[in-house]
Amino acid sequence: GTNPTTASAVYSAPLSITASETIKAFATATGFSPSPVASAAYVISASPVSVKAQYMTQTTASSTNGIAPHFKLVNTGSVAIPLADLTIRYWYTNENSMPQTFWCDWAQVGQTNVSGTFKTVSPAHPGADSYLEISFSAAAGTLASGANSGEIQTRFSKTDWSNYTQTNDASF
């Protein structure tokens, strides 16, 4: 099952972590079924596989031409997890449905090992008609038991630099 955790005052907002088929198969083989749940922080919990996402924003304005989410993944389980087996989803609304650009400005696991892909939610949900999916290359390494990924500093904007309204975004 899943166990939502309470994020600290600095890190908070709905995010989701998606497990790879490898982790899902491991969880199923050990009698658990990991899946994201709506909460202040999402957790995949299939003891001994348990990962927590922490988030903070660098842009608190209600309207901005660039969203800058920073993330950290924490392995609260008892087994190491390849980062390439995890993705993070940041849920938001893309007013005007403009094309977008993603940047990883810095990551302890190496910024070239972090990728971002934009997806559309259809049908749209309250607070999200889109999400940014952040993934990791195999070179990002493994998240050891009890360890964290270090900060992952990302940002994205529309190609025409028009504003997002963050106050209606699920992950804001």
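Which residue stands opposite Phe 71 in β13? Ile 152 does. This is a predicted model, where local features need pLDDT of at least 70, side-chain atom pairs count only at pLDDT 80 or more, and totals for chains, interfaces and linings use all residues. Residues are numbered from 1 along each chain as its sequence is written, and side-chain values use heavy atoms, with hydrogens and water left out.

**View A. β13 and its partner strands.** Strands here are DSSP runs of E, at least two residues long, numbered from the N terminus; two of them pair if DSSP finds at least two bridges between them. β13 runs antiparallel to β9, with 7 bridges, and Phe 102 sits across from Phe 156. β6 joins β13 through 2 antiparallel bridges.

**View B. The largest nonpolar core.** Picture buried Ala, Val, Leu, Ile, Met, Phe, Trp, Tyr and Cys residues joined through side-chain atoms within 4.5 Å. This core has 25 residues, and those with the most contacts inside it include Leu 73, Tyr 90 and Val 114. β8 (86-92) and β13 (152-158) are among the strands that each supply at least two residues, and β8 gives the most, with 4.

**View C. Around Ser 130.** Ser 130 lies in β11 and is buried, at 5% relative accessible area. Beyond four places in sequence, its contacts (heavy atoms within 4.5 Å) include Tyr 90, Trp 91 and Lys 119.

Key:
Buried means under 20% relative accessible area, exposed over 50%, partly exposed in between (1.4 Å probe, protein chains only).
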